[in-house]
Amino acid sequence: MITNKKKFFIEILKGILKLIIAGICIGYLKEYDLWIAIILVLKITHNIYKDILKPKKKNWLLLIGMLLTCFGGLVGETWGVSNGYWEYHAVARELPLWLPFAWMYAFYFLYKLELQLIPLLKNQTQKNKIILALILALILPAFGEVITIYLGVWTYYWPYQLFGVPLYAFICLVFVHMLVYTILHFICKKYQINDVVFN
């Protein structure tokens with residue numbers, strides 16, 4: 001299934017390390033949501049320039065995916081907080097200022113990781129790509145959430161929790177990512193865009 005297991009797991013470990021660093025930063029700066037937002041905006045701006053604006057072949061799918069994920073994430077966040085399913089701590093507002101940018105970066109993070117891992121799959125079929133996307137969307141965002149939950153950034157009130165992350169949250173995270181994945185797959189199909197992740 002995997003052509004180079006060592007490289008595959010190194011990429012996964014690099015992704016986990018990035019999540020740990022991001023989770024710790026958000027956890028320790030949670031009271032300064034404006035500063036977290038500024039840091040994320042700078043990082044996203046740099047990534048958009050580097051991956052979309054600078055190259056000759058513009059990857060507009062990346063930007064579309066980031067915006068769709070941001071929109072879907074904010075709809076879910078507003079619904080969850082207003083219904084009391086979870087709440088954010090140490091900020092003066094219901095939703096921290098950094099939240100939309102965290103959702104945008106979550107898509108970027110998963111997309112770039114899939115871009116590294118898919119060439120390492122022996123059979124790069126649509127089915128295998130979807131299985132990989134499902135596994136990554138199920139495990140990695142939840143892993144990042146565990147760190148921030150334990151550092152007091154927010155609390156879930158849904159039942160059936162694993163390390164503070166409820167079953168429903170796992171389902172929601174996968175749903176948002178796979179919905180965006182599906183939309184981008186159909187955009188690629190309709191406009192005959194060649195993309196490693198979505199074709």
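Predicted model: local features only at pLDDT ≥ 70, side-chain atom pairs only at ≥ 80, totals over all residues.
A helix here is a DSSP run of H or I with at least four residues, a strand is a run of E with at least two, and both are numbered from the N terminus.

- Lys5 and Ala90 are 85 residues apart along the chain, and their C-alpha atoms are separated by 42 Å.
- Phe9 is also found in helix H1.
- Is Phe9 exposed or partly exposed? Its relative accessibility is 46%, so Phe9 counts as partly exposed.
- Between the C-alpha atoms of Phe9 and Leu138 there are 17 Å, while the two residues are 129 residues apart along the chain.
- Other parts of H1 are hidden: Phe8, Glu11, Ile12, Gly15, Leu19, Gly23, Ile26 and Gly27 are buried.
- The partners that the buried residues of H1 pack against are H2, H4 and H5.
- H1 has 24 residues, so at 1.5 Å a residue it should span 34 Å; the C-alpha atoms at its ends are 35 Å apart, which agrees.

**Helix H5 and what follows**
- The same check can be made on H5: its 25 residues should span 36 Å at 1.5 Å a residue, and its end C-alpha atoms are 36 Å apart, so the two values agree.
- After H5 comes Gly152, which has a positive phi, near 80 degrees.

- In soluble globular proteins, nonpolar side chains tend to be buried together.
- In this model, the largest nonpolar core holds 35 residues, and Met66, Phe107, Leu117, Leu136 and Phe198 have the most contacts inside it.
- Two or more residues of this core come from each of helix H1 (5-28), helix H2 (33-53), helix H3 (60-82), helix H4 (99-117), helix H5 (126-150) and helix H6 (167-191).
- Which helix gives the most to this core? That is H4, with eight residues.
- Take a look around Leu136: setting aside neighbours within four places in sequence, this residue is in contact with Ile12, Leu110, Leu113, Glu114, Leu117 and Pro141.
- There is also a second, separate core of 23 residues, and Leu40, Val81, Leu173 and Val176 are among them.

**The largest pocket**
- The volume of the largest pocket is about 1,200 Å³.
- Its lining has 49 residues, and those closest to the centre are Ala102, Trp103, Tyr105, Ala106 and Pro141.
- At least two lining residues are supplied by each of H1, H2, H3, strand S1 (86-88), H4, H5, strand S2 (154-156) and H6.
- H6 provides the largest share of this lining, nine residues.
- Sorted by class, the lining of the largest pocket contains 37 nonpolar, eight polar and four charged residues.

**The second largest pocket**
- The second largest pocket contains about 320 Å³ of space.
- Sorted by class, the lining of the second largest pocket has eight nonpolar, two polar and five charged residues.

How values were computed: Residues numbered from 1 in each chain as written. Heavy atoms only, no water. Core = buried A, V, L, I, M, F, W, Y, C linked by side-chain atoms within 4.5 Å. Buried < 20%, exposed > 50% of the residue type's maximum accessible area, 1.4 Å probe, protein only. Contact = heavy atoms within 4.5 Å. 1 Å grid on protein atoms, 1.4 Å probe; cavity = no way out; pocket = protein on both sides within 12 Å on 5 of 7 lines; lining within 4 Å. Points joined across faces, edges and corners; volume = space filled by probe spheres on them. Nonpolar A, V, L, I, M, F, W, Y, C, P; charged D, E, K, R; others polar. Expected span 1.5 Å × (residues − 1).
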